[in-house]
Amino acid sequence: MLKKKEKYNVAVVGATGAVGNEMLTILEEREFPVDTLRLFASERSEGKVLHFKGKEIAVETLKEDSFNGVDIALFSAGAERSKIWAPIAVRSGCVVIDNSSQWRMDPEVPLVVPEVNAYDLKWHKGIIANPNCSTIQMVVVLKPIHDVAKIKRVVVTTFQSVSGTGKRAMDELLQQTVDLLNFRDIKIQVYPHQIAFNVLPHIDKFLDNGYTKEEMKMVNETKKIMGDYSIKVTATTVRVPVFRGHSESVNIETERKITADEVREILKKAPGVVVIDNPEKNEYPLPIYASGKDEVFVGRIREDESIEKGINMWIVADNLRKGAALNAIQIAEELIKML
Ligand SMILES: NC(=O)c1ccc[n+]([C@@H]2O[C@H](COP(=O)([O-])OP(=O)(O)OC[C@H]3O[C@@H](n4cnc5c(N)ncnc54)[C@H](OP(=O)(O)O)[C@@H]3O)[C@@H](O)[C@H]2O)c1
């Protein structure tokens, strides 16, 4: 188990990917107390050199003894890899913070957004799960409202950028855009349809209930993080041709009547939240401005005129930062603060 030290030996699994790359940047930016840093990816990347604090670090492939001496392992290499390697890492004595969906709903694994439920870190048994990107940005905004007015129901529609699918999807959007603008045929490899100049109401696999896995992640993870299984959630998740930053239209119904002004005041004081809500000046959150930022941005706050106690909001955040790498590193920061 993690012991208090001045600096920690850290591993990033999936270091060459979209989230892994962001993790290296954030570890450096936030001056996380790193002693040694080991970087892992697939065989395709073995020997590739990445940079951290001006030093070159060669990427390795995973082996049974890879985690010996590692204190904290940040996983961002997909659920299949997490399933196999996270227990091996824990047996080697390190704490795993996992970005994949593999452990999120496991009752033995805390699912944590530090602004919402840092207290759940106390009962971890070696693995801590980082929630789905769309869920993270939504609960950061919902929790302070829930504390005051108790949320009964959430209806969310997402507008998710292609970086949420990883590096290959970003390359595909760029390539399709260039090809279409040059009247060339396009290649469709990552998504089931063209993504450039299009909108896909389909993220992850379809399930028997007609929802997608991504939609059910939002439903189930929201309840676990908020620690309230009475909240009803329904979601429609949509992929849009945006490179970075997820946007969400969120409607909530509360037990106690709350005005739009009250919501704005609550959110102005909420940790990790920035209110941008000046419609008269055309000011509201936009993914192009949220990109590269740490906060969750919220605007278009208004009362839902179709029900007695309802609020509509527009929530935007950088999916690679708060939706993944930043949240994982904030968890690591909380963990070492607790020692
Ligand atoms: N993108 C987001 O906004 C986001 C948000 C929340 C959670 N997540 C989760 O984070 C994880 C990574 O997502 P991403 O978007 O960064 O994907 P990505 O860009 O496709 O990166 C995947 C990473 O996994 C590595 N990898 C693949 N097979 C491996 C293996 N057999 N052994 C070791 N490493 C292997 C890849 O290495 P190579 O470069 O060598 O192939 C790469 O470093 C996924 O579980 C995803 O669901 C992503």
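**Entry 1, a pair in a helix.** I began with Lys143 and Asp147, which lie 4 residues apart in helix α4 (residues 133-149) and are therefore separated by about one helical turn. I then looked at their side chains and found them joined in a salt bridge, with 3.1 Å from N to O. Side chains of opposite charge can pair when their charged atoms come close. I note here that the model is predicted.

I looked up the salt bridges of the structure and got 24. For secondary structure I listed 9 helices and 13 strands in the protein chain. Next I checked the radius of gyration, which is 20 Å; the globule rule gives 20 Å for 339 residues, so the protein chain is as compact as a globular protein of that length. Along the principal axes, I have the C-alpha atoms filling a box of roughly 60 × 55 × 40 Å.

How is the protein chain divided? I have domain 1 as 8-131 + 324-337 and domain 2 as 135-319. I took the centres over C-alpha atoms and found 25 Å between domain 1 and domain 2. To the contact, domain 1 brings 20 residues and domain 2 brings 17 residues.

I looked up the area buried between domain 1 and domain 2 and noted about 1600 Å². Carbon and sulfur atoms give 63% of that area. Which residues of domain 1 lose the most area to domain 2? I wrote down Met105, Glu115 and Val116, which together make up 31% of what the domain 1 side buries.

I searched the interface of domain 1 and domain 2 for salt bridges and the rule returned 3. Separately, I looked up a salt bridge between Arg30 and Asp294, where the closest N and O atoms are 3.8 Å apart. The cut-off for a salt bridge is 4 Å, so I keep this pair in the list. For polar contact across the interface of domain 1 and domain 2, I noted 6 residue pairs, both residues at pLDDT 80 or more.

Which elements give two or more residues to the side of domain 1 that touches domain 2? I found α1 (18-29), α3 (114-117) and α9 (321-337). I then sorted the residues of that side by class and got 10 nonpolar, 5 polar and 5 charged.

Note on methods
Residues numbered from 1 in each chain as written. Predicted model: local features only at pLDDT ≥ 70, side-chain atom pairs only at ≥ 80, totals over all residues. Heavy atoms only, no water. Domains from an automatic or database assignment. Contact = heavy atoms within 4.5 Å. Buried area = accessible area lost by both parts, 1.4 Å probe. Polar contact = N/O pair within 3.5 Å; in protein donor to acceptor, adjacent residues only side chain to side chain. Nonpolar A, V, L, I, M, F, W, Y, C, P; charged D, E, K, R; others polar. Rg over C-alpha atoms; globule rule 2.2 N^0.38 Å.
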